[in-house]
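Hi,

Here is the structure I promised to pass on. Have a look at it first, and my notes follow below.

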Amino acid sequence: MVAPPVLYSGHEDFRMRLILATLSGRAIKIDRIRSDDMEPGLKDYEVSFLRLLEAITNGSVIEISYTGTAVVYKPGLIVNGAITHNCPLSRAVGYFLEPILLLAPFGKATLSLTLKGVTSNGIDLGVDTIRTALFPIYNKFGIMRQELRVIKRGAPPQGGGEVNVFLPHVVLQPTTLHAAVKTPPIVKIRGVAYSTRVSPASVNRIIEAARGVLSATGCETFVYSDVARGEESGKSPGFGVSLVAETRSGWCYTAESIGGPGETPEDVGERAARALLEEIAFGGMVCRCQVKSLIVLMVVGKEDIGKVLLGKGVIDEGFVRLLRDIKTMWGTEVRIKEQEALDEEDEQADGPEEYVVSIKGVGFVNSTKKAA
């Protein structure tokens, strides 16, 4: 007897619910998608993501209602392969790449994915942040050797960017994570400041502004410059920066910013630097843009209890919704306990409020490898 699809309502967490369905092998139905809006139904970028999901899987069935307010998704096997996808200009390529990274390690073959469109837009994760902040998280689970190459940078609104992601490491199962310890200190700060179709001096101004704010940390700070020229500069002018604070144990915190209408490079550099300091101040082992990927990888790990230390700032409404969706899919509950002081010095310190998050893996196994 075929189990009925899991029912969800609304457009929130659209991508993540599709990813969880694919990993769990359970069909889902999402209804009431913007049913009360003036323009109801799926947006162009959501339909585009469904098509990308269909391309990297084999046997998936996607049914969209006439009004676009309901979707039924029956997942197939993750096969990967060489894929080129044109992303709509309404969202950056990070909107598509961030969730696909959760599926790629468990496919039948390696993934070589080329995405074309806007490379950074200030809403979705930029390509530099994915490379410098998300890839290290995957490394913690034994998923290695990811490569991301920015062929062309594309600023909004016209884009023109192109990114290639190569993931050669197909894994059977993620390793268990044990990272519920004291928050590691920051040892260095790195970053990339970039520009397209504007004066190269803009990049230097971004770097100087960011360094001015970050000098208070006392950490070694080095921000690279990437000035796109000619065909590599996309179709629109723009500039931005992605910053990463790294620890000696391989954890990192990240923040990014891009130039908006009427903003100066100094505004962009200072905003990114202050946002990075805020992420560091939250404490824990990861920042907000990394936490959902981290939790999903912990859930699909071995049938062992993994632990991670999270700052209070990353535990928001989206985090809670993810935990509820995980329980619906796998029946797995997540335990959250306040971190106790490790010694007298910690008790006296005015540090961030942190929590130990414990998750028992569901024992997920790459179905294509298991079948082989």
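Leaving aside neighbours within four places in sequence, which residues is Leu294 in contact with? This is a predicted model, by the way. The partners of Leu294, with those close neighbours left out, are Ile137, Phe141, Leu177, Trp251, Val286, Val308 and Leu310.

Next, a helix pair. Helix H5 (residues 201-214) packs against helix H6 (residues 265-282) at an angle of about 35°, and their axes are 7 Å apart. The crossing of H5 past H6 is right-handed. On the H5 side, the contact is made by Ser202, Arg205, Ile206, Ala209, Ala210, Val213 and Leu214. H6 brings Pro265, Glu266, Gly269, Glu270, Ala273, Arg274, Leu276 and Leu277. Sorted by class, that contact has nine nonpolar, two polar and four charged residues.

Ser257 counts as buried because its relative accessible area is 5%, under the 20% cut-off. Its side chain makes a polar contact with the side chain of Arg271, at 2.9 Å. Neighbours within four places in sequence aside, Ser257 is in contact with Tyr194, Gly240, Val241, Val268, Arg271 and Ala272.

Cheers

Conventions:
Residues are numbered from 1 along each chain as its sequence is written. This is a predicted model: local features need pLDDT of at least 70, side-chain atom pairs count only at pLDDT 80 or more; totals for chains, interfaces and linings use all residues. Side-chain values use heavy atoms; hydrogens and water are left out. Axes are lines fitted to C-alpha atoms, for helices over the stretch in contact, and angles run from 0 to 180 degrees between N-to-C directions. Helices (H or I, at least four residues) and strands (E, at least two) are DSSP runs, numbered from the N terminus. A crossing is left-handed if the near helix is turned anticlockwise from the far one by less than a right angle, and right-handed if clockwise. Contact means heavy atoms within 4.5 Å. Ala, Val, Leu, Ile, Met, Phe, Trp, Tyr, Cys and Pro count as nonpolar, Asp, Glu, Lys and Arg as charged, and the others, Gly among them, as polar. Buried means under 20% relative accessible area, exposed over 50%, partly exposed in between (1.4 Å probe, protein chains only). A polar contact is a pair of N or O atoms within 3.5 Å; within protein, one must be able to donate a hydrogen and the other to accept it, and residues adjacent in sequence count only if both atoms are side-chain atoms.
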